[in-house]
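Here's a quick tour for anyone just getting started with protein structures. Have a look at the sequence and the 3D view first, and then we'll go through a few spots together.

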Amino acid sequence: MLKAMLRGLFAHKLRLILSALAIVLGTAFMSAAFVSGDTISRGFTDLFSTVNENIDVQVTGKSDVPVNPAGGEGLVTALVPQSIVDKLKTVDGAQTVTPQVVSDGARVIDKNGKAIATTGAPRLGGAWVDGDPAVEIREGNPPRAADEVAITANLAKTGEFKVGDTIEVITLQPRQKFKVSGIAGYAGGRDSLGGETFVFFTLPVAQELMLGTPGMYSNVDIKAASGVSDGELKRRVETAIGTTEYKTLTGQETADAQASGIQSFLNVFKIALSVFGILGLITGAFLIFNTFSMLIAQRTRELALYRSFGASRNQVLNSVLLESILLGLVASLIGLGLGVLLGWAMTKLLASSGLPSGSVVLKPAVAIGTLLVGTLITVLAALIPALRASRVAPIEAMRDAARPDKPLRTMTIAGLITLAVGIVLLILRGTKAVDNNVITLGLGSFLIFIGAVMLAPALTRPITGAIGKLVDWAMPGRLGVRNTGRNPRRTALTAAALMIGVTLATGAAVFASSVKAGVTDLFRSDLNADLVIAADFASGPTAGFDPAIINQVKAIPGVTSATAIQSDAVRLNGKDGFASALDVEPSKTLFGLKAKSGDIRDLNAGEVILNDAFATETGLKPGDSTTLVTARGGESPLKVVGILQPNQLVGSPVVSFADAQGFRVPVAQQGYVKVADPSQVDAVRAQMKTLVADNPEVTVTDPSEQLKQSTSFLDLLLNVLNVLLGLTVLVAVLGVINTLLLSVFERTRELGLLRAVGMSRSKMGWMVATESVLISLLGALLGLIVGTGLGIALVKIFGGDFLKLTIPWGFLITALIGAVIAGLVAALLPAIRAARLNVLQAISYE
Amino acid sequence: MAMQPAARAVTVWKIYGSGEAQVQALRGVSADFERGKYTAIMGPSGSGKSTLMHCLAGLDTVNAGEVFIGDTQVTGLGDAGLTKLRRDKVGFIFQQFNLLPTLTAEENIKLPLAIAGRAPDKAWYDTVIQTVGLGDRLHHRPAELSGGQQQRVACARALVSRPEVIFADEPTGNLDSKSGNDVLNFLRDSVRHHGQTIVMVTHDPNAASYADRVVFLADGEIVDELHSPTADGVLDRMKKLDRRGDADA
Ligand SMILES: Nc1ncnc2c1ncn2[C@@H]1O[C@H](COP(=O)(O)OP(=O)(O)OP(=O)(O)O)[C@@H](O)[C@H]1O
Ligand SMILES: [Mg+2]
């Protein structure tokens, strides 16, 4: 009995393959995200264990100041002095004590004058340590003189450097020339451990250039004498040097700490990517729902026959559910296999750019989770059709298969209510009546989307009819339009699958374009500068220029005001945040700084001007005293001299350049320049360029260009999002193909008739293509409308000056064109089927 | 020169399958279908009536022999040629499922013209519509028409493009006798008054009696024919044919 029913399932191979493909794609994406994430993660864990293999205990300085959120974890500012090293040598059980100098930010300049970049890995610089078992000189000699360096082999390869060459390195100091004395590599023939680069200096040079302080170390590695455990040695070290100023970790702890940062990043990566896999699966659920509905509609007579033989409702229900479980499980298995393969390929690709890799990691939880999610979504999608199948009455075996479509009224009313509830939730959030973002934004948006999906069947005929007017003049077009309206539920569900991706992409596009417009407006209205010097976004947190250069800029004829801005994460008044050093007087012109209270004037060391929000929050007033903690400068007293009026461009406390010397890096990130006469701008620009000509990480541009650069990451983000959403679109296209194939199959007789009365093959194709394009356009249109609506709601809800509601017309139009193309692509196979139809078989087909 | 027939079969052979399962559906059939005449094809079930009609209309290929519609040689035409032939020179009426459910009766009637991108000849179109006698039901979908009305729409559709010949395969097979007679009258009138050529396959002696000539088919061969038939005359011949079949067995 079951066997007979299952045979029914496998009779529709093509449609089954399409449904399975949707699940395969979704699960493959999901598992690939986890597999590659876990593999890379394992690679890093292995890497850090290797790095710390020879370290039993490591001592580092403790920093009070938060890490700059812009990056720079590898930039060491909490240092260990020689006195502590000496103390460590006296610790009982410390066999060897090796003080080290290693820090991020040694940028080697290549032959084109550009700083050699890595893909996210640090560019380390430090002191050469003789006898380190992990590092070996492959060619030449270790650095022995102040002007000598050894470089890692990967650096030598990318820069095409040989022993004896002269290279230039930017560190905390501007570029300096060194002679390459040797090429180094790691044990096991590795050019680099995980894509990082390393420049080895002599100890005093490393201390000066990488740590900024002579006689200091970044860390001290201690090897335990035999019989002393790592934990025991750690305790002894802690007793010797205390735990307030220095951090003592065992080698294992160090490895874990180093890996944990990457682990948490990889977790975000895994989850974010698998969300798109799940979105793909949800899109696939529409397709599966459609497929099962169609299969069951076609098999109504067959099922009724079983019922009349005495099969129970549950037997029918179970047989359909079993079909879906089988389908889901098999497809998820294939998806998982594909995912592992994809994950493997991805890690191999990343490994070629230097990321550590190893054998593929497939955690049992990932395997089970993938199978479970894939199968569960398939079964859920098949549930309603299965229930419908179980309600087939035995009498329907005798009835004509064609049953009229149920009226859409109930569905439409339910949809309107759902939509209304969603909108009310968003309004509640907008008016701040309810503050819970999950309930208001999350549930509200979800309900609006579901409401729109439920309304879609009722909208199908009006919308496709309206669009269809364009093609109504030709018979194939007209027939295609009419066919679209024949089964509004099916058409709408097929279109709804496309809606998912389009809605999300549109919402994001509206929000992003509003951010861009908002930021642009702010810049345009508040910034009164003609030229900008800025460290390149991609050059990392160590890049910048000597703030003193601004004094030379001020001397250029035509320059009326100029200031550098040097920012860093600090602790001010006990609160973690940013502070910036800038010249206050010129900033009044450049940024429109105005006093709310106290004096707004150039600052001396130990003085601070607070931004309005900071002052309000802390209650500090002009004349009050507070403290500043910087990464290198430690704690120092500050006196509040003034409070700024709210200003969009300067949104953090302002300190003097003298106090900024305690910042992590001695460079300014930005400089703004006002020129008296627009005609002088080009001349000033040229002179400014010569001032920073030897700094490859800094460019001279104008504000609009800088704005474009700083908002370009938004475009990048959007592009990544759209590529990832492409998965859902792909699945949705599979759904369109599926629906069309079914339609062609169902209408064989009609198609035959059309051929018999003289419709040509190509016209048959165009008829199918019309239907296909209309379905995709319907989905895209609904998605664009809902997405734009949600985007507008978000912009309104979050408000703020950095948001200015802007509809991305370009995106909307591109999406519509994309929908037409997607529709044409989806039509290809079904159209060929329709065109190839054997006329005689079609008309004699019962 | 004698007037060219509207459709012509010359020693047409049609063989299905091969080896043991081989069926010779047509065995050297030759027949002329005169212009402006109403011909019925009759014969026992499985005698090859539908096959002959499909071969004549270019819906099916033949194994040997030649088929002409007017001066066009059908055998040897490619898909494009056959499509054009069906569009411009041939009309069809099937037993059922003749109409597209998404189009109204009127649109269905105009379908061949719309496909060809031709405007209907107004006078002729009005005449056809008049004869169909659908009145205000013209703007209804097929699902809202009776079986007889649907078949009359199908007839009108076949007529509207003034094809060289109309092929009808048991057009009244699914109708009661009243609706059937309506359809048959309609077809006969189009031959009498408008010079249409019609070839109709039927099982029904009464239907055949509307024709000018009846061709009898048995075992893939033309075995007999009757001019200006009456229902009784046809029945008579059919009985003879059946007896012949029995004698063969
Ligand atoms: N596609 C096919 N494949 C194999 N044999 C076929 C095919 N179509 C028809 N035949 C055979 O050819 C013969 C003639 O069939 P045809 O359909 O022409 O008969 P008919 O006279 O129209 O019969 P009926 O009155 O039952 O419609 C029959 O023996 C039939 O089985
Ligand atoms: Mg037949």
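How many salt bridges does the rule find across the interface of chain B and chain A? The count comes to four. Keep in mind as you read that this is a predicted model.

**Where chain B meets chain A**

- Chain B brings 25 residues to the contact, and chain A brings 22.
- Together the two chains bury about 2200 Å² between them, and carbon and sulfur atoms give 64% of that area.
- On the chain B side, B:L100, B:T102 and B:I115 stand out: they supply 26% of the area that chain B buries against chain A, more than any other three residues.
- Two elements of chain B give two or more residues to the side that touches chain A: helix 2 (79-88) and helix 3 (105-116).
- Of the elements in chain B, helix 3 gives the most to that side, with five residues.
- Sort the chain B residues that touch chain A by type and you get 12 nonpolar, six polar and seven charged.

**Strand 19 of chain A, covered on both faces**

- In a regular strand the side chains alternate between the two faces of the sheet.
- Strand 19 of chain A covers residues 607-610, with A:E607 and A:I609 on one side and A:V608 and A:L610 on the other.
- All four of those residues are buried, and both faces of the strand are covered.
- Strand 19 runs parallel to strand 21 (residues 634-644) of chain A, and four bridges join the two.
- Within strand 21, A:K639 is the bridge partner of A:E607.
- Strand 22 (residues 654-655) of chain A is joined to strand 19 by two bridges, and this pair runs antiparallel.
- Here A:I609 stands opposite A:V654 of strand 22.

- You'll find A:E771 in helix 21 of chain A, which spans residues 761-798.
- Why does A:E771 count as buried? Its relative accessibility is 5%, and the cut-off for buried is under 20%.
- Leaving aside neighbours within four places in sequence, A:E771 is in contact with A:G480, A:N483, A:T484, A:L740, A:S743 and A:R747.

Technical notes:
Residues numbered from 1 in each chain as written. Chains lettered and ligands numbered in written order. Predicted model: local features only at pLDDT ≥ 70, side-chain atom pairs only at ≥ 80, totals over all residues. Heavy atoms only, no water. Buried < 20%, exposed > 50% of the residue type's maximum accessible area, 1.4 Å probe, protein only. Pairing = 2+ DSSP bridges. Contact = heavy atoms within 4.5 Å. Buried area = accessible area lost by both parts, 1.4 Å probe. Salt bridge = Lys/Arg side-chain N within 4 Å of Asp/Glu carboxyl O. Nonpolar A, V, L, I, M, F, W, Y, C, P; charged D, E, K, R; others polar.
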